[in-house]
Structures are given as structure tokens and as C-alpha cells.
Amino acid sequence: MADKDWKECIKSLKGVVLDMCGVLYDSGEGGGIPIPGSVEAVKRIKASDLQLRFCTNETQATREKFVAKLKRMGFDIQVSEVFSPAPAALAVLKERNLRPHLLVHNDLLPEFKDIDNTNPNCVVIGDAADKFSYQNLNDAFRVLIQLEKPVLFSLGRGRYYKETDGLKLDVGVYMKALEYACDVEAEVVGKPAPMFFQSVLTDMGIQPQEALMIGDDLINDVGGAQNCGMRGLQVRTGKYRRRANARNSLVLRAASSWRAELGPALFCRRGRKERFCWRGRRRAAAPRPVPEPGFRGFKGVERE
């Protein structure tokens, strides 16, 4: 995207949607730690005339517990501002009269306490962490394989995410195992599903082209948002890996971290001229992307 086009994009912005894990904080022992600059960035966006929502595929806790943890880190955040897969999946289950076999984290089970799961006729899989044992996966497989029309819901489809002690496999890996074993295609609830992004836009009352999604996942955050007509920015924190991006069909023009002055960049419509992201495009042929340097450091700008 040309600088002129990006400036026009900024001028039309009415809302910002933030991913959470890998963008605001790194999860891990003791609840995790905030990413430098993220607490201040959220404050600056909230102090502006931009609407702000948080969109996450987090499924290791209820929204209430998740928000409480972030508040302890210093974030200004409310449960009503957070969109996560579990409540959306629960609504689908009730609408379609389905009884789920749940392969999810124990701390997420309260989200499903009001739904019947006797004699299950579908499977819901989330980031179950240590519950992803052979026995538990095989139990889910047995439920699916005996159904005439297997129904599998996946709360996101991420490949991996980052914790303070390193990268961890995400739910998408186990989703693919069940898809292969049962010859079924999972219904993804959460990013990058278009309906998930649309629910956030509807809540803000704005059009896709008026919103910017900021995340650390090129496919599920940036790509998912762009498929809905939103703008997308990938930060160089969390799961960001230059090599992984180079293998993708989305071509990065530039990327930033929260340690960049993203707040002022969002406000360039007030006279600032920072350039910090791209709209992105898809290539038909094999890509050879060469990301341009991003910004680093809240105090001034350094080149990588």
C-alpha cells in the first residue's frame, strides 16, 4: 500500500481490534507478563476517539478469569469488550440443539455448564493444554467416528502460540488430527472465521474498512481480518517469526511491535507522519517477501 493510501486509511479509522496473547502479554507461569509498551498503548487508544475491542482465541479460561488476570497486569479492560470463541460456540450449540463432547481446558468448562452433554452428537475442541493426551483425543475420535454425520467444532485453529518459556502447540494441530482420522472438516469458531470478526464490527457499529486488526498471527489475525475487508497489522511480538512469514502467501510490507510508537502512528491523521503497517495482498505465485524494517522503542525510533 502506498503511503498516500495508508494515510487515507488512517483518516477513515473508527475502531481498533486487538489480539491479546502475544500482542498485549505473553502467557506462562504465574499468569504471564505484559509486553513492554502494551499497557500504555491501550490507554492511549482508549483516550482517543477510536473505539477499542479485544478479539482473542484464548480458551484456557473463562472471559471473566481472563479479564481479571489482565487487570492485575494493569490493563484497562472490561469483559464486555472481549470477544472469545467459547460464548460464540455455546450460542451455536444451543441454536442447533447439539450436545457436545468437550475436549477443552478444565478452566473453560464453566462456560458450558448450562448445556446438556449427555449422549453427545458433536465434539468441541479448544486449547486443552495438558489434557491433550492420547486417551482424551481418542475419546473425541470415538464420538465422531460413530456419528453418521460427524460435527466437529474447533475454538480457533492456531498452529502454535508463545508462552514465557517458549512456543507451545495450539488447538489447530489437534483439530487437524481429528479431521484426518474422521474425514471431517471442522467448523472453526473464533479467528479467522468471518462471522467472528463480523460480530466485533457489529458491536462497534462500524464498517469493515473503518477497522484495524492488530495481531501476532499473520493468517488468523491479519489474514482473517483482511478477508472481512478490515485493515491488518502484524506486530513483531508473540509468535511472530520472520521465517514463517516468508513461507506465506501474504506479503508483508512492514511490521511493528508495541514497543514501536503505534499509538502516535494511529493518530497520524492529526499531523503525525509515522508509517508502520500495510494493507497486504495475496500472490498467485510463490512469494519472496522481504519485510521492511519496523519501528522499535517507545522513546524514538530505531531500525531493526
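# Legends to close-up views

**View 1. In strand β4, Gln51 is the bridge partner of Gly15.** The model is a predicted one, in which local features need pLDDT of at least 70 and side-chain atom pairs count only at pLDDT 80 or more, while totals for chains, interfaces and linings use all residues. Residues are numbered from 1 along each chain as its sequence is written, and side-chain values use heavy atoms, with hydrogens and water left out. Helices (H or I, at least four residues) and strands (E, at least two) are DSSP runs numbered from the N terminus. Strand β1 (residues 15-18) and β4 pair in the parallel sense over four bridges; two strands pair if DSSP finds at least two bridges between them. Four of the five residues of β4 (residues 51-55) are buried, which leaves the strand mostly covered. Buried stands for under 20% relative accessible area, exposed for over 50%, and partly exposed for values in between (1.4 Å probe, protein chains only).

**View 2. β4 also pairs with strand β5 (residues 82-83), in the parallel sense and over two bridges.** Opposite Phe83 in β5 stands Cys55. From β4 the chain passes through helix α3 (residues 63-73) to β5, a β-α-β crossover that is right-handed. Right-handed here applies if, with the strands pointing away from the viewer, the path from the first strand over the helix to the second runs clockwise.

**View 3. Phe132 and Tyr174 form a stacked aromatic pair.** Their rings are 3.7 Å apart, centre to centre, with 15 degrees between the planes. Phe132 belongs to the loop between β7 (122-125) and α5 (134-145), and Tyr174 to helix α6 (residues 171-182), so named parts of the chain 42 residues apart are linked by the pair. Rings of Phe, Tyr and Trp (its six-membered ring) pair if their centres lie within 6.5 Å; planes under 30 degrees apart count as stacked, over 60 as edge-to-face and the rest as tilted. Both Phe132 and Tyr174 are buried. In the whole structure, a search finds two aromatic pairs.

**View 4. Lys239 lies over the face of Tyr160.** The distance from the ring centre is 5.9 Å. A charge sits over a ring if NZ of Lys or CZ of Arg is within 6 Å of the ring centre and within 35 degrees of the ring normal.

**View 5. Helix α4 (residues 85-95) has Pro85, Ala86, Ala89, Leu90 and Leu93 buried.** Down the helix axis, the buried residues of α4 fall within an arc of 130 degrees, so they line one face of the helix. The arc is that of the directions from the helix axis to the C-beta atoms. An α-helix has 3.6 residues a turn, so residues three or four places apart point the same way. The buried residues of α4 are covered by elements including β6 (100-103), β7, β8 (152-154) and α7 (194-204). Just after α4 comes Asn97, with a positive phi of about 60 degrees.

**View 6. In helix α7, the buried residues are Phe196, Phe197, Val200, Leu201 and Met204.** They fall within an arc of 140 degrees seen down the axis of α7, and so line one face of this helix. The buried residues of α7 pack against β1, β4, β5, α4, β12 (211-215) and α8 (218-227). Gly205 follows α7 and has a positive phi, near 70 degrees.

**View 7. Four strands form an open sheet with parallel pairing, in the order β6-β7-β8-β11.** β6 and β11 (187-188) are the edge strands, each pairing on one side only. Between the parallel strands β7 and β8 there are three bridges. The bridge partner of Val123 in β8 is Leu152.

**View 8. His105 is placed in the loop between β6 and β7.** The residue is buried, with a relative accessible area of 16%. Apart from neighbours within four places in sequence, His105 is in contact (heavy atoms within 4.5 Å) with Thr59, Gln60, Asp127, Ala128 and Ala129. Thr62 is 43 residues from His105 along the chain, and their C-alpha atoms are separated by 9.9 Å.

**View 9. Asp49 is placed in the loop between α2 (38-46) and β4.** Asp49 is exposed, its relative accessible area being 52%. From Lys14, Asp49 is 35 residues away in sequence and 7.6 Å away in space, C-alpha to C-alpha.
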